[in-house]
Amino acid sequence: MSIHSPPALACRDVTVRYGDVTALSDVSVAFEPGLIHAVVGQNGAGKTTFARVASGLVQPTNGAVEIAGQVIRTGHVRESRAAGVELVHQSFALPPSFTVAEAMEFGAPGRGGLYSRKGLAEKWRAHLAGLDIQVDFSKRIRDLPVETQQSIEIARALITDAKVLILDEPTAVLSPAGIEMLFARVRRLKQRGVTVILILHKIREVLGIADTITVLRGGRRVEGPVSAADISADRLATLIVGDAVKGQNPGDRDALVGNGGTHADVPSGHQRYASLAPALVLSAVSTVPDSEGAPLDKVSPSIRPGEIVGIAGVEGNGQKTLVRAIADLAGLSAGTIALGGEDITRKSLAARRAAGLRIIPFERNIEGLSLTSSLWENWSARELLQGPLLRLVNPARIRALCDGSLKRWGVHYHTSAQRAGSLSGGNAQKVILAREIDADAKLIIAAQPTRGLDIGATAFVWESLRAARDKGAAILLISSDLDELFDISDRVVVMLSGRVAGAFAAPYDIQSVGAAMTGAGAAATGAQR
Amino acid sequence: MRDRAIAILRSLIFVAFSLILCAVVFQFAGYNAPQMLTAVVDGAFLRPGAVEQSLRWALPLFITAVGVGISFRAGFFNIGAQGQFYVGAIAAAFAAEALRGGPAFIVIPLIFLAGMTGGALWALWPGLLKLRSGTDEVIPALRGNFLAGLLLVYVTSGPLKDPSGSGQQVSSRPLDAAYRISNSLGLSPTIIGIAIVVGILMWVLVNRTSFGVLASLAGRNGTMVRWQGAKLWQLGLSSFVISGALAGLAGTIEFMGPNGRIASGFLPTHGFTAILIALVANLSVVGTAAVAIFFGGLASAALYLPIMAGLPAAAIDIINAAIALFITARTHVEKFLRLGRRSS
């Protein structure tokens with residue numbers, strides 16, 4: 001690379017505002033061609049907005065984008081593409097019912113008209129082979145593992161000789177082994193001369209792959225691009241987190257930035273309850289297959305009061321079905337479920353909730369809150385359902401109680417009559433916590449409770465779960481973030497294809513947990529208890 | 001409370017829009033627009049007896065509309081109010097026929113019970129189809145309207161046919177005067193009383209019970225309420241059935257009060273006007289009462305328009321249609337106006 005060659009991609013004074021929210025503020029950054037660049041930051045730091053501006057998906061309020069020295073029209077995907085910039089999204093956009101060959105052809109430049117299955121496969125074989133992607137062309141996208149789906153997305157992005165490839169949070173859905181494979185692929189792309197920009201948020205991953213690092217925080221560029229060799233993990237952690245979690249415990253900070261510690265400090269506080277009977281016992285639970293996820297196959301975890309049990313696994317391996325089974329939202333084909341020693345297998349969700357079940361659901365904005373309803377209605381739903389439907393209620397009283405509760409949980413809001421959809425993600429999650437964590441909670445299911453939250457809110461959720469645990473609640477934490485699981489779980493159970501594929505205790509070894517997630521570590525099952 | 005009042009006022013602005021639009025159209029069609037507007041106001045409220053006449057139309061409309069509002073809140077789009085109204089009236093007519101000669105204080109409540117049950121059952125099957133097999137409730141409920149219309153033709157020209165009828169419009173035998181709840185002018189203390197009781201009960205149900213809060217949550221996000229442990233069918237289906245029972249009640253009132261009989265094709269737009277009222281009122285109970293009086297006024301004016309402005313009574317249908325159009329487009333129009341404001 002000549003020192004005089006223009007940057008592969010450069011942004012000048014880019015500002016993006018959505019209404020009153022400033023997502024990016026005067027960001028200027030230039031990426032040298034032929035290298036692997038990482039853009040890091042926490043949720044809400046502006047990473048995805050940055051990727052979207054760079055690829056022409058978002059029109060910035062201000063600022064310019066240059067590709068290979070040429071100023072392009074911002075906010076025009078076609079122009080960015082023509083100039084050689086491609087973006088692979090965080091959530092995959094492949095049509096699930098398409099075969100691999102069809103998915104490759106879909107949207108690719110070229111002729112219309114008639115196709116033959118064989119012809120399509122022939123057409124794309126060489127392209128995929130050139131990228132070392134081995135896959136059966138007749139398989140449908142939905143039947144492929146996420147790693148393969150992602151590599152097909154990358155292959156699609158590279159159909160038109162892209163010079164700059166932007167990957168938005170490519171590791172979020174992958175197992176540790178899948179991440180290694182992805183990084184190997186990225187390094188091969190670099191050898192082919194492609195400039196790769198990785199949007200990441202874990203220091204461990206950043207330091208393992210990037211040539212240069214750029215840190216965003218609160219929509220501003222706070223560092224970089226600096227050579228990865230010139231920056232320490234500690235300095236990086238400080239840059240990413242800023243002052244937001246001063247005084248936090250160091251384990252939390254490392255977990256927040258993915259700076260893999262050893263997690264040797266086993267949380268205590270639950271010892272008091274160790275002698276009590278388990279709060280939740282599943283005995284060989286299997287579920288009827290349905291369209292909403294992998295069915296459970298003889299799953300038998302149990303949780304004691306005062307214990308946080310983490311469920312690890314690549315997404316879609318039955319974690320959601322497990323929650324639905326406990327919540328009476330999935331049909332059991334075999335097995336029993338006991339809550340606080342009482343068999344609840346045949347009880348309704350309302351009865352289970354009366355027995356102490358609380359759920360922080362996966363989809364905050366769909367399963368957790370009714371965004372167009374008021375805060376007090378959302379807040380009171382659980383309690384209202386515990387009484388008869390025709391019970392008389394006094395909205396003014398409910399609103400007063402709701403105000404008290406939301407204040408205790410530190411929710412920033414204007415009035416309890418405002419719509420839940422007007423809150424930020426962190427505040428919305430606090431409303432759910434206020435509803436689901438109470439003195440009568442015996443088992444709290446926390447499903448992806450920090451997804452999409454910023455640092456402060458994430459730390460708050462962790463502290464709240466720990467506090468509930470210390471008061472004697474049993475907590476089932478489902479997360480695809482191993483750092484989160486390792487940081488606050490007392491035990492970790494790995495799920496794979498609807499089965500329990502391993503159980504681990506602190507200190508956790510990311511390699512063996514990762515192996516269990518992909519099925520490579522079948523031997524680990526039962527070895528560590 | 002204030003937000004809701006503002007929302008209703010905003011709806012009324014759209015109603016005013018449509019009146020103006022209609023006036024302009026009628027002007028170009030050769031009628032005298034100012035005279036038409038005055039005639040509407042006169043015929044609705046100012047002419048002697050106009051208020052009574054407006055209330056006569058408004059009260060049954062209010063009862064159906066408040067029920068429609070409850071089903072809308074719970075996320076069931078009850079487009080079948082017209083059919084439930086008819087079936088309620090038919091069931092009431094059958095009950096009256098069967099109980100002919102009994103003491104009024106027993107027969108009248110039983111006729112009401114039959115009418116409400118009829119309307120409720122006519123709402124039940126589209127609701128069950130939705131819950132059992134995931135069918136959209138709109139199509140079966142809409143088809144239920146046509147079925148009920150045909151059923152009305154059948155019973156008035158078959159089992160309940162009045163042999164002394166003129167043959168121009170088939171109708172049932174007239175109800176015994178002992179069971180009538182009003183004269184043919186259609187306003188009586190009984191009907192006013194029923195409307196007030198319905199209004200109070202529904203206001204309490206919507207605003208002061210767990211059911212009301214949960215049904216409105218379920219209507220906005222059923223998934224969330226399911227994760228809270230609610231049985232959606234309990235909330236949705238019962239709202240739908242309440243809605244049908246109230247439409248049936250309105251049908252019974254029309255049968256026992258002003259009409260005194262059922263005739264094929266009588267009041268063919270009652271249910272649809274009620275839907276319009278519920279939407280204009282933004283589904284609030286108090287608002288529904290106010291808007292129902294307004295629409296009752298339009299119905300009353302319909303009889304007056306041909307005399308005063310030389311307009312056909314169908315002009316009121318055109319006004320109603322224009323209002324429906326504006327209310328349907330409401331959110332889009334508002335969005336459009338707001339966007340305009342921001343960029344200017």
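The domain assignment of chain B gives two parts: domain 1, made of residues 1-47 together with 305-344, and domain 2, residues 57-303. The structure is a predicted model, with an ipTM of 0.85 and a pTM of 0.82. Taken over C-alpha atoms, the centres of domain 1 of chain B and domain 2 of chain B are separated by 26 Å. Between them, 18 residues of domain 1 of chain B are in contact with 15 residues of domain 2 of chain B. On the domain 1 side, the elements that give two or more residues are α1 (2-28), α2 (33-46) and α14 (315-328) of chain B. The largest share of that side, 6 residues, comes from α14(B).

The mean pLDDT of chain B is 88, and 94% of its residues reach 70 or more. Where pLDDT is low, the predicted coordinates should not be read in detail.

Two helices of chain B deserve attention. Helix α5 of chain B covers residues 104-133, and at 1.5 Å a residue its 30 residues should span 44 Å; the end C-alpha atoms are 43 Å apart, which agrees. Within α5(B) there is a kink of about 25° at Leu124(B), shortly before the proline Pro126(B). After α5(B) comes Gly134(B), whose phi is positive, near 70°.

Helix α12 of chain B runs over residues 285-302. Its 18 residues should span 26 Å at 1.5 Å a residue, and the distance of 25 Å between its end C-alpha atoms agrees. Of these 18 residues, 15 are buried, so α12(B) is largely enclosed by the rest of the structure.

Chain A is divided into three domains: domain 1 (9-96 + 160-242), domain 2 (262-356 + 440-529) and domain 3 (371-439). The C-alpha centres of domain 1 of chain A and domain 3 of chain A lie 38 Å apart.

Several strands of chain A can be followed in order. Strand β1 (residues 9-18) of chain A runs antiparallel to strand β4 (residues 62-67) of chain A, and 5 bridges join them. In this pairing, Thr15(A) stands opposite Asn62(A) of β4(A). β4(A) also pairs in the antiparallel sense with strand β5 (residues 70-72) of chain A, over 3 bridges. Here Val65(A) stands opposite Ile72(A) in β5(A). The hairpin of β4(A) and β5(A) has 2 residues between the strands, and Ala68(A) takes a positive phi near 50° in this hairpin.

Further along chain A is an open sheet of 4 strands in the order β12-β11-β14-β15, with antiparallel pairing. Its edge strands, β12 (302-303) and β15 (342-343) of chain A, each pair on one side only. Strands β11 (residues 280-287) and β14 (residues 332-339) of chain A are joined in the antiparallel sense over 6 bridges. Thr287(A) has Leu332(A) in β14(A) as its bridge partner.

The chains themselves meet in a contact that takes 20 residues from chain B and 28 residues from chain A. On the chain B side, α7 (189-208), α8 (210-220) and α9 (222-227) of chain B are the elements that give two or more residues. The largest share of this side, 7 residues, comes from α8(B).

How values were computed:
Residues numbered from 1 in each chain as written. Chains lettered and ligands numbered in written order. Predicted model: local features only at pLDDT ≥ 70, side-chain atom pairs only at ≥ 80, totals over all residues. Pairing = 2+ DSSP bridges. Domains from an automatic or database assignment. pLDDT = per-residue confidence, 0-100. Expected span 1.5 Å × (residues − 1). Bend = angle between axes of the 7 residues up to and from the residue. Buried ≥ 20, exposed ≤ 12 C-beta atoms within 10 Å, placed from the backbone. Contact = placed C-beta atoms within 7 Å.
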